[in-house]
Amino acid sequence: IISNSRFSAGTLASVYSRAPYTVRYYPVSPPEVTLEPAERTRIRAGFGAGPREAVILQSCRMEAWKGHRLLLEAHARLRELRGSVLWIAGAAQRPAEVR
C-alpha cells in the first residue's frame, strides 16, 4: 500500500492488517502563490467566505468513511458561533459514492 501520510498509514491496520505499506509524499513543491488582499477577498467571497471568516476545508472523495457526515454535523454546531464556513472539495468517483 502506498500512503500519502504517516497518519493515513497508521489507520491501515484496521482494514489491511497484514499488508505492507510505505509512505510517499507529494514529489513536487506547490507553487508560491501571492495574492493581493483585494484578490484574496474576491476569491473568498466567490465561495461564500467573508474576509474574517475561518475556512474549514475537507479535500477528498465522497466516501462514508472519510468523515463528511461527522464534519457536517460538527460544523452545524459551530453555526451558532458564526465566523466559519465549510468547503468540501471533491466529488463522487465511484457508483457507490454517487448513491
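## Residue classes and the largest pocket

Ala, Val, Leu, Ile, Met, Phe, Trp, Tyr, Cys and Pro count here as nonpolar, Asp, Glu, Lys and Arg as charged, and the others, Gly among them, as polar. By these classes, the lining of the largest pocket has eight nonpolar, eight polar and two charged residues. A pocket is an open set of points on a 1 Å grid over the protein atoms alone, where a 1.4 Å probe fits, with protein on both sides within 12 Å along at least five of seven lines, and lining residues have an atom within 4 Å of a point.

This is a predicted model, in which local features need pLDDT of at least 70 and side-chain atom pairs count only at pLDDT 80 or more, while totals for chains, interfaces and linings use all residues. Residues are numbered from 1 along each chain as its sequence is written, and side-chain values use heavy atoms, with hydrogens and water left out.

Of the 18 lining residues, S8, T11, L12, W65 and K66 lie nearest the centre of the largest pocket.

## The salt bridge

One salt bridge is counted (a side-chain nitrogen of Lys or Arg within 4 Å of a carboxyl oxygen of Asp or Glu). The side chains of E39 and R42 form this salt bridge, with an N to O distance of 2.8 Å.

## Surroundings of E53

Apart from neighbours within four places in sequence, E53 is in contact (heavy atoms within 4.5 Å) with R44, G48, G83, S84 and V85. The C-alpha atoms of E53 and V85 are 6.8 Å apart, although 32 residues separate the two along the chain.
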